[in-house]
Amino acid sequence: MCILKVGVFTRKLRPNLSVFLCVMPSHFVQTVAYSWFQVGVVLSTGINSAYALGYAGTIMVPLGWTGGVIGLVLSTLISLYASTLMAKIHEYGGKRHIRYRDLAGFMYGRTAYIIVWACQYANLFLINIGFIILGGQALKAFYVLFEDDHRMKLAYFIAIAGLACVLFAIAVPTMSSLRIWLVISSVFSLIYLTVAFVLALRDGINAPPRDYSIPGSKINRFFTTVGAAANLVFVFNTGMIPEIQATVRAPVVDNMLKALYFQFSLGSVPVHAVTYVGYWAYGSSSSSYLLNNVSGPVWVKALANITAFLQAIIALHIFACPTYEYLDTKYEIKGSAIAIRNLAFRALVRGGYLALTTFLSALLPFLGDFMSLTGAISTFPLTFILPNHMYIIAMKKKLSSLQKSWHLLNVVFFSVVASAALVAAFRLIAVDSKNYHTFADL
């Protein structure tokens, strides 16, 4: 998920201008310029969020060694390819397009602008549901290290995670207020990924032969495979390339391409390593939260779980900020962040948003299913379908008939896969809801 750290780019803006690029006014002129290396590092930290702890269970288990490894490698390459297409048309029509929906509106009209806007916000909302589930899983894993009495259910920990997110949302009013928290988030990521990798590697070395067979009946395997395909594209969720590119130092196209090459090469090594080692160590019993599988010193596992919990809170706030700041702007919330009116507004509005998110997370705490749903609804359209079609429009005079046919084939293929993934995601949620019931204690 490569957009996790976009907010770091706003840190030098004045407080009243430090609005996340997703909700930036179209007339705003981006004055902050970062090197390709800075952007590449920030993008790389995004794909190594707490979600990386789930891919062994949500990708490798339903696909197996062959499908999982080939699929994740292909997802890396295809996501890179689609992202470079978007980067190359950043200045289409002789102007910079600092938001995805602005570019869509410029090319297709007002309806496309609204559709892309809706897809982006749906993407953010579904990602936030996943972060609250991850936060609840991490907190529960921390708790059972010391008190495994089965009285505290996952839904309770999800509720606690939601409350923590509300408090953080009230305390941190804007993206510019995050500053040091972004650095802390990166440190947290390094801790839990290192612990997960080392402990899983040790377990794998000492464990007897594992079962790597793909579980489920024939029909279930079909739907879980399609759902896992959506999970594959979710890993590199690149639905905001224009917003990120708006922060890159000139020449913006060349430097953005360098940042993407860095992200999808060195930057993707940790997520690949943790995913493969986790599946190698635990086989088909790999959890959607890898730290549930590992064994080792209690204090080490406790540290990894608590850092994953805290990182999920910070990450959720980043993804929720476009919604928060859109509402702040709509209702003209200005002045001191600690003014009574502003505090009350954040508590009521942000608290309400997170209450809904937390309720849905606890109601259906199936992380892999929500990853599939996110991939089908927003990642496929924003990352694969639109970039190919936009590239045809932008480069139509420079493309040969064969090249145009190639991009059209991609549009059709990924549209079909997205439709199938959407059906599979809803079926997976329905099946899991029936098997585990609502508010399941997974």
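**Figure 1. Aromatic pairs across the predicted model.** A search of the whole structure, a predicted model, finds 22 aromatic pairs. One of them joins Phe 222 and Phe 223. Their ring centres lie 5.3 Å apart. The ring planes stand at 80 degrees, so this pair is edge-to-face; the cut-off for that class is over 60 degrees. A pair of aromatic rings is described by two values, the distance of the centres and the angle of the planes. Phe 223 has a relative accessibility of 16%, so Phe 223 counts as buried. The cut-off for buried is under 20%.

**Figure 2. An aromatic cluster of Tyr 51, Phe 131, Phe 234 and Phe 319.** These residues form one cluster. Phe 234 belongs to helix α7 and takes part in the contact of α7 with α13. The next view turns to that contact.

**Figure 3. Helix α7 against helix α13.** Helix α7 covers residues 218-235, and helix α13 covers residues 367-394. They pack at an angle of about 60 degrees. Their axes are 7 Å apart. That angle makes α7 oblique to α13. The crossing of the two helices is left-handed. By class, the contact of α7 with α13 has nine nonpolar and seven polar residues, and no charged ones.

**Figure 4. Helix α6 beside helix α10.** Helix α6 spans residues 180-206, and helix α10 spans residues 269-282. Their packing angle is about 30 degrees, with the axes 8 Å apart. That makes α6 roughly parallel to α10, as the cut-off for this class is under 35 degrees. Here the crossing is left-handed. On α6, the contact is made by Leu 193, Phe 197, Leu 199, Ala 200, Leu 201, Asp 203, Gly 204 and Ile 205. On α10, the contact residues are Pro 270, Ala 273, Val 274, Val 277, Gly 278, Trp 280, Ala 281 and Tyr 282. By class, the contact of α6 with α10 has 13 nonpolar, two polar and one charged residues.

**Figure 5. A cis peptide bond at Pro 251.** The bond runs from Ala 250 to Pro 251. Its omega is near 0 degrees. Pro 251 sits in the loop between α8 (241-245) and α9 (252-263).

Terms used. Residues numbered from 1 in each chain as written. Predicted model: local features only at pLDDT ≥ 70, side-chain atom pairs only at ≥ 80, totals over all residues. Heavy atoms only, no water. Axes fitted to C-alpha atoms, helices over the stretch in contact; angles between N-to-C directions. Helix = DSSP H or I, 4+ residues; strand = E, 2+ residues; numbered from the N terminus. Parallel < 35°, antiparallel > 145°, perpendicular 65-115°, else oblique. Left-handed = near helix turned anticlockwise from the far one by under 90°. Contact = heavy atoms within 4.5 Å. Nonpolar A, V, L, I, M, F, W, Y, C, P; charged D, E, K, R; others polar. Phe/Tyr/Trp six-rings, centres within 6.5 Å; stacked < 30°, edge-to-face > 60°. Buried < 20%, exposed > 50% of the residue type's maximum accessible area, 1.4 Å probe, protein only.
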